[in-house]
Amino acid sequence: MDSESLPWWKKTVVYQIYPRSYMDSTGNGIGDLKGIISKLDYIKDLGVETIWFSPFFKSPTDKPYKEHDCGYDISDYRDINPEYGTMDDVDELIKGIHSRGMKIVLDMVMNHTSIEHPWFQKSRSSKDNPRRDWYIWRDGKKPNGKKPPNNWRPMIFLGGAWKYDESTEQWYYHCFLPFQPDLNYRNPEVQKEMLDTVRFWLKKGADGFRLDIFNALFEDAEFRDAPFTFTIANGDMDLLFKSSKMTLNHPDTLEFCKKLRKTLDEYPGKFMVGEVGASLATLKKYLGEVVEDGTNTNGLNVIFDLRSTSTPMKAKKFKKLIESYERWFPEPFFPTWVFGNHDQVRRISKIDNDIEQAKLNAALQLTARGMPYIYYGEEIGMRNAKIHKSESKDAVSHHFKIIPQFIRNFITRFGVSLNRDECRTPMQWNSAENAGFSPPGAETWLSVNNTSEENNVEVEEKDPESLLNCYKRFLKVRKETTALNSGSINFIEIKKSPKSLLAYERKAIVNNKEDKAFVFLNFSRKNIRFHNPLKNPKVLVSTSIKTEPLDNAQIVLMPWEGIVLIE
Ligand code: NOJ
């Protein structure tokens with residue numbers, strides 16, 4: 001397909017903002033919408049086109065931290081958390097984004113609400129309240145109902161998936177934490193309400209949605225026990241010898257996905273990206289079928305996949321990942337390139353906190369075929385913080401309170417953290433106290449990371465070799481080069497090339513002409529040289545501004561260097 005005719009979202013780069021941590025305009029230590037609005041020029045200048053916001057909807061963040069999920073437990077889908085601002089601020093935000101030629105993606109947490117949502121309050125009030133069936137209520141096991149209805153595990157695997165409610169002596173199901181009761185999607189009223197909520201935000205100007213734990217919407221209608229499996233963990237999220245078959249990736253979720261897509265398509269030019277944890281074969285099912293004109297019209301547009309977050313910095317490993325993405329997501333589908341989000345250990349801390357490796361990582365992310373997701377602060381190399389469990393705010397960290405600190409420290413070495421505060425610290429804007437996030441003297445909701453003096457936007461903007469400027473160079477070139485933002489990908493095989501080299505060609509058709517770019521990435525701490533397969537190559541961009549001048553016979557790459565060439 002000619003790249004000119006592709007929808008905007010097939011070429012875009014997404015920047016994720018965690019509203020609580022981006023910019024505090026009031027000095028109360030908590031990020032807010034006005035703060036974000038004041039930084040839109042920075043985001044525009046960075047060179048991304050789409051901003052995804054973690055939820056800023058009404059949510060009980062005024063309760064103690066361990067009793068809420070910082071926005072992922074919504075108490076009103078059509079209102080704004082007063083801590084972050086007002087609906088007028090959202091309108092201004094949308095206007096500010098659109099007037100800069102950018103797009104806005106909202107986070108739809110459809111699977112569950114907060115226990116504080118008036119729907120749940122009514123639902124739990126009595127068995128015959130009209131909202132009762134909006135949630136999943138069951139009697140406990142006989143004889144006295146004090147045992148959960150079945151053996152289901154929550155997605156978060158520790159603890160049960162059912163919570164007993166004294167007032168009506170029944171149990172409600174929660175796929176995540178107990179204060180996040182699951183909505184009952186088998187009730188048509190729930191479906192209608194959520195589809196209308198989607199319409200509400202589309203009308204307001206949302207350009208797309210990120211769908212939180214989308215694979216958890218439907219469960220087994222008969223509430224059968226989860227079968228035993230031999231797996232401790234697998235791609236489809238079977239956990240600790242229990243299959244997730246009854247609770248995740250249910251076929252009825254795929255059916256609902258079609259309705260959701262139809263609703264989305266009532267407003268042309270929008271897209272949705274679903275957070276789905278599953279094997280690639282299962283993920284593929286969410287994308288629907290391809291119709292005659294070569295597009296998919298009845299599934300998700302793209303799936304947010306976390307495999308890249310744990311891929312080691314090795315050419316062979318990324319080659320394998322690209323190969324499997326190409327196998328499962330060929331045109332018109334495409335993968336995502338995600339290296340961090342508000343749940344994951346920051347990527348740079350998984351790669352030795354090394355800026356040069358982070359630049360190469362960015363080069364791969366912005367040149368491989370797919371939709372890149374940059375988590376706020378990733379562009380300046382913000383590190384994962386070290387926060388002791390006794391100081392954690394994150395409800396997940398509290399949920400795992402029995403797990404001692406030394407075990408937490410140990411598993412963090414393998415890129416897993418039980419305290420998500422560590423990747424949510426305030427954005428580092430400058431070297432001032434509170435890093436420019438809050439005014440000096442304010443108490444920020446999480447402490448600013450101790451690297452903020454050298455590791456911040458102001459310092460890095462001035463340094464041509466900074467990670468920030470590397471991101472900017474690659475983002476600019478990606479935007480200007482059709483081959484990079486929407487072309488196909490094929491590996492370049494070079495005889496006797498070093499093992500640490502990953503080389504691929506991107507190719508697009510623009511107005512019936514071929515547009516090509518050639519990417520060479522050195523996944524090692526040594527210089528490498530290899531045969532130059534191109535005629536008269538020119539450097540389009542490099543991770544370093546000191547890249548070796550090109551020689552027609554050989555290409556030389558410095559340690560961890562990544563370059564893009566054109567002929
Ligand atoms: C996935 C989100 O990314 C995470 O932050 C949240 O806690 C859970 N879903 C529950 O909504």
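**Sheets and a pocket**

Mentor: Eight strands build an open sheet with parallel pairing, in the order β11-β10-β9-β5-β2-β1-β13-β12. Strands (E, at least two residues) and helices (H or I, at least four) are DSSP runs numbered from the N terminus, and two strands pair if DSSP finds at least two bridges between them. This is a predicted model, in which local features need pLDDT of at least 70 and side-chain atom pairs count only at pLDDT 80 or more, while totals for chains, interfaces and linings use all residues. Residues are numbered from 1 along each chain as its sequence is written, and side-chain values use heavy atoms, with hydrogens and water left out.

Trainee: How many bridges join β1 to β2?

Mentor: Strands of a sheet pair through backbone hydrogen bonds, either parallel or antiparallel. Here β1 (residues 14–17) and β2 (residues 50–53) run parallel and are joined by four bridges; I17 stands opposite F53 in β2.

Trainee: Which strands does helix α3 lie across?

Mentor: Contact means heavy atoms within 4.5 Å. Axes are lines fitted to C-alpha atoms, for helices over the stretch in contact, and angles run from 0 to 180 degrees between N-to-C directions. Helix α3 (residues 87–99) lies across β2 and β5 (103–108), at about 140° to β5. Helix α5 (residues 188–204) also packs on the sheet, where it touches β5 and β9 (208–211) and makes about 160° with the direction of β5.

Trainee: What is the order of the open sheet of three strands?

Mentor: The order is β6-β8-β7, with antiparallel pairing. Its edge strands are β6 (137–138) and β7 (162–165). Four bridges join β7 to β8 (residues 170–173), and W162 stands opposite Y173 in β8.

Trainee: What is the volume of the second largest pocket?

Mentor: On a 1 Å grid over the protein atoms alone, a pocket is an open set of points where a 1.4 Å probe fits, with protein on both sides within 12 Å along at least five of seven lines; lining residues have an atom within 4 Å of a point. The volume, the space filled by probe spheres set on the points, is about 370 Å³ for the second largest pocket. Of its 17 lining residues, A315, K316, P498, K499 and L501 are the closest to its centre.
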